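Here is a short briefing on one chain. Look over the sequence and the 3D view, then work through the points below.

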Amino acid sequence: MKNQRHKPDILVLIASISVILPFVILSFYNHPQNDDYIVAVQSQIQGVAETTISWYKAWTPRYFAVATLSLSPLVFGSFFAYKFTAALTIGLIILSLYLFVHELTITSLERRVAALMALIITALYLFK
């Protein structure tokens with residue numbers, strides 16, 4: 001009887017992973033664009049903090065995006081590590097959604113259900 005109860009969870013898990021997996025695979029074909037190179041060179045010359053402040057004042061007032069650009073693996077000369085940033089971002093989205101759902105439903109849902117909900121929300125977000 002217990003296996004029958006978890007069968008829909010397994011089907012939803014497989015469906016969620018099958019939606020997320022192509023995005024993770026495609027993330028390894030990620031290539032830097034001209035803005036990434038410009039910020040990387042500026043960060044190497046001026047330093048990460050100074051570059052973040054100058055981009056914040058001159059171009060865009062988004063703290064996290066500017067700081068992320070200034071700390072890109074390209075700053076440290078690693079083109080290979082740059083390809084992992086999109087996959088890492090997807091993983092961090094899943095983790096943050098799991099923590100969010102788990103905190104909201106800490107008394108009412110099991111951890112596996114909260115993890116499943118995080119995967120579903122991530123799949124819906126990526127698939128749109």
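Leaving aside residues up to four places away in sequence, Tyr37 touches Pro32, Leu74 and Phe79. This comes from a predicted model. Tyr37 itself is found in helix α2, residues 34-46.

**Around Tyr37**

- Tyr37 and Leu74 lie 37 residues apart in sequence. In space, their C-alpha atoms are 7.2 Å apart.
- Among the contacts of Tyr37 is Phe79. Helix α5 covers residues 79-82.

**Around Phe84**

- Phe84 sits in the loop between α5 (79-82) and α6 (85-104).
- Which residue is 57 positions from Phe84 in sequence but 7.1 Å away in space? That residue is Ser27, with the distance taken from C-alpha to C-alpha.
- Phe84 has a relative accessible area of 38%, so it is partly exposed.

**Charges and the salt bridge**

- Side chains of opposite charge can pair when their charged atoms come close.
- The chain has one salt bridge. Arg112 forms it with Glu110.
- The closest N and O atoms of Arg112 and Glu110 are 3.2 Å apart. That pair qualifies because the cut-off is within 4 Å.
- Arg112 is partly exposed, at 34% relative accessibility. Glu110 is also partly exposed, with a relative accessible area of 45%.
- The chain carries 9 positive and 6 negative charges.

**Fold and dimensions**

- How many helices and strands does the chain have? There are seven helices and zero strands.
- Along the sequence, the pattern reads α-α-α-α-α-α-α.
- The C-alpha trace spans about 65 × 30 × 25 Å along its principal axes.
- The radius of gyration is 19 Å. A compact globule of 128 residues would have a value near 14 Å.

**Packing and surface**

- Of the 128 residues, 27% count as buried.
- Take the contacts between residues at least 6 apart in sequence: 65% of them join residues at least 24 apart.
- The chain exposes about 9,000 Å². Carbon and sulfur atoms supply 71% of that area.

Notes: Residues are numbered from 1 along each chain as its sequence is written. This is a predicted model: local features need pLDDT of at least 70, side-chain atom pairs count only at pLDDT 80 or more; totals for chains, interfaces and linings use all residues. Side-chain values use heavy atoms; hydrogens and water are left out. Helices (H or I, at least four residues) and strands (E, at least two) are DSSP runs, numbered from the N terminus. The radius of gyration is taken over C-alpha atoms; the globule rule is 2.2 Å times the number of residues to the power 0.38. Buried means under 20% relative accessible area, exposed over 50%, partly exposed in between (1.4 Å probe, protein chains only). Contact means heavy atoms within 4.5 Å. Accessible areas come from the Shrake-Rupley method with a 1.4 Å probe; for residues, only the protein chains shown count as cover. Lys and Arg count as positive and Asp and Glu as negative; His and the chain ends are not counted. The place of a charge is taken as NZ of Lys, CZ of Arg, CG of Asp or CD of Glu. A salt bridge is a side-chain nitrogen of Lys or Arg within 4 Å of a carboxyl oxygen of Asp or Glu.
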